[in-house]
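These are my notebook entries on a single protein chain. I set down what I looked up, in the order in which I looked.

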Amino acid sequence: MSTLIAVSGLGILSLLLEILNLRKILVPVVVLGLAGILGMTLAEFYLDKSFLDIDSYNMVVGTGYSRGFSSLFIILTMFVIVMSPKFYADRITKIADYVSLIIFMLAGAVAMVSFGNLSMFFIGIEVLSISAYVLASSNPKDKKSNEAGMKYFIMGAFASSFILFGIALVYGAIGSFDIQTIIAISTAQAGHLPIWFNIGFIMIAVGLFFKAGVVPFHFWAPDVYEGSPTLVTALMSTLVKVAAIGTLYKIFVIFSAGMTPVFQIVVVVLTILTLSVGNITALRQRNLKRLMAYSGISHAGFMMMDLLSNGTGTNAILYYACAYAFAGIAAFAVIMAVCGDKDEDISNIFGLAKDRLYLAGIFTCAMVSLGGIPIFAGFFAKLFMFSQMIDSGYLILVIFGVINSIIAIYYYFGTANVMFTKDSVRTEPLKVDVRYVVVASIAIILNIVIGLFPSLIMGLSI
C-alpha cells in the first residue's frame, strides 16, 4: 500500500511542479523521489512489513512477490524518466505531462501485482492502459503515432471488456471479489464450482494474454510499437509486458482450481505458438522497433511457461522479467541514441562499431542476452524456465524452447553483425547524448550482475 500511495503522490507532485513553473527541476525531483520509493520498497521487502498499513479492506496486499516486481517497475521507470528530457527536447514545455503519465502508468503496474481484490486488479489495469493509450499517440503530428494510439485503444478496450466480464462471472460463482475468499472457496469446492467460475477465469486470462502480446492476441503489438514514440515503445516492451506477465502468473495461482487439464493443454499450445510466431516473424524485420516487438512476443512465450509450474516458479518469473527488461531497456537506449528523430530502420546502426564502439558493444550485449548466451542473465532465465518445465512434466515446451532459442540467435546475431561488417550510411557525425549512454550502461551492467550472481533473485524468499 505504501509503495502505491507514494508513487501516486509523486505523479500528483509532478503536475504541481508544472503549475508552479518549476519544470526545470521536475526530472531530478522525480528521479530522486523514485529512488526514495525504491529504497522504501526494498526495505519493506527485507523487513516483510509495510510502513503504511491503512488498508482494512484488503484491497492492496504487500507480499514478497508484489514488492519484488514493484522494485523492478520502479527501476525501469527511473531509466525512462532519465532519458525523457532529451527525447522530448522539442516539446520540453509539456515534459510534465509526459512524466506524470509515466508515473501514473507505474502506479497502475504496482496495483496490478499488489491487488488483494479483483476490483483493485481492474483499476490497476485501466490506470496503466489509459496512460499507455495517451502516450502511444503523444506525437499528434505523426500519422503513425495517431494510428498506434487508436489501434491500442480499440484493442485494449476490447481486452478490458473481457477482463471485466470475467470478473463479473467469478463474482457470480464465488460471491466475493476478495482473492483470499476466492482461493478458500475454490479450493474447498474444487470440482463442484459453477461452470461460470471457469469461464470467468478464461476470460480474465484472455484479456491479460492481449496485454502481454500472446499469440493469437499479439496482432496489435508490431504496429503499435512501430508507430509509438520510441521512448513509449521502450515502456510498452518492458514495463507493460512484465507487468502483464507478473499479473498473469498471480491470476493463475489464485485461480488454480480452474486449471483443468484441457485449459493446461490450451496454455501449452499458446506458449508454443507464441514462441514460434514471434521468432519466425522477427527473422524478416528491418525496422528495429518491429524487431523488438516480435522479440518481446517470443519472450512472452518463454515467461508463459511458468504459468504451468503450479505456483512453484515465483522466483523464476521474477528473474526472467528482470533479465528481459534490463536487456530491453539497454537496447532501446542505444536505438534512441543512434536513430534520434529518424526512422528506426536497421540501416541506422550500420557501421556503428566504427563510430561508437562502446554503444555497439552494449547493443551487442543486449542482443546476446536476449538470445540466451552466457554470461548474461538471459541464459540463466531460460535455463530456470526449462528446469521448471522439466520438473512439471512439460518436456515438449523445453524442446520448442530450445529450437526457438536457436532461431532467435540467428536474428539477434544478425542485428549485431551489421554494426561491425556494414559501412555506415550516415552523412554527418553521430552525436550521442550522455543520458542514453548512462542508462544503457547501467541496464546492461545489472543484466550481467544478475547473470553472474543469479542467487540475488533466485535466493529471495518470495
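The entries below cover the domains, their interface, selected side-chain pairs and the backbone.

**Entry 1: basis.** I worked from a predicted model, in which local features need pLDDT of at least 70 and side-chain atom pairs count only at pLDDT 80 or more, while totals for chains, interfaces and linings use all residues. I number residues from 1 along each chain as its sequence is written, and side-chain values use heavy atoms, with hydrogens and water left out.

**Entry 2: domains.** I looked up the division of the chain and found domain 1 (1-199) and domain 2 (260-461); such bounds come from an automatic or database domain assignment. I noted 24 Å between the centres of the two domains, taken over C-alpha atoms.

**Entry 3: the interface.** I found 16 residues of domain 1 in contact with 20 residues of domain 2, where contact means heavy atoms within 4.5 Å. The area buried between the two domains is about 1600 Å², and carbon and sulfur atoms give 86% of that area. Buried area here is the accessible area (1.4 Å probe) that two parts lose on being put together, summed over both.

The rule finds zero salt bridges between domain 1 and domain 2; a salt bridge is a side-chain nitrogen of Lys or Arg within 4 Å of a carboxyl oxygen of Asp or Glu.

Which helices supply the side of domain 1 that touches domain 2? Helix H2 (26-47) and helix H3 (64-87) each supply at least two residues, and H3 gives the largest share, 13 residues. Helices (H or I, at least four residues) are DSSP runs, numbered from the N terminus.

**Entry 4: salt bridges.** I recorded 11 salt bridges in the structure. In one of them Arg67 pairs with Glu44, with 3.7 Å between the closest N and O atoms. Arg67 lies in helix H3 and Glu44 in helix H2, so this pair ties together parts that are 23 residues apart in sequence.

**Entry 5: backbone.** I listed two cis peptide bonds. The bond from Val215 to Pro216 is cis, with omega near 10°, and Pro216 lies in the loop between H8 and H9. The bond from Pro374 to Ile375 is cis, with omega near 10°; I place Ile375 in the loop between helix H15 (357-371) and helix H16 (377-392). I also noted Asn21, a residue other than glycine with a positive phi, near 60°. Asn21 lies in the loop between helix H1 (2-19) and H2.
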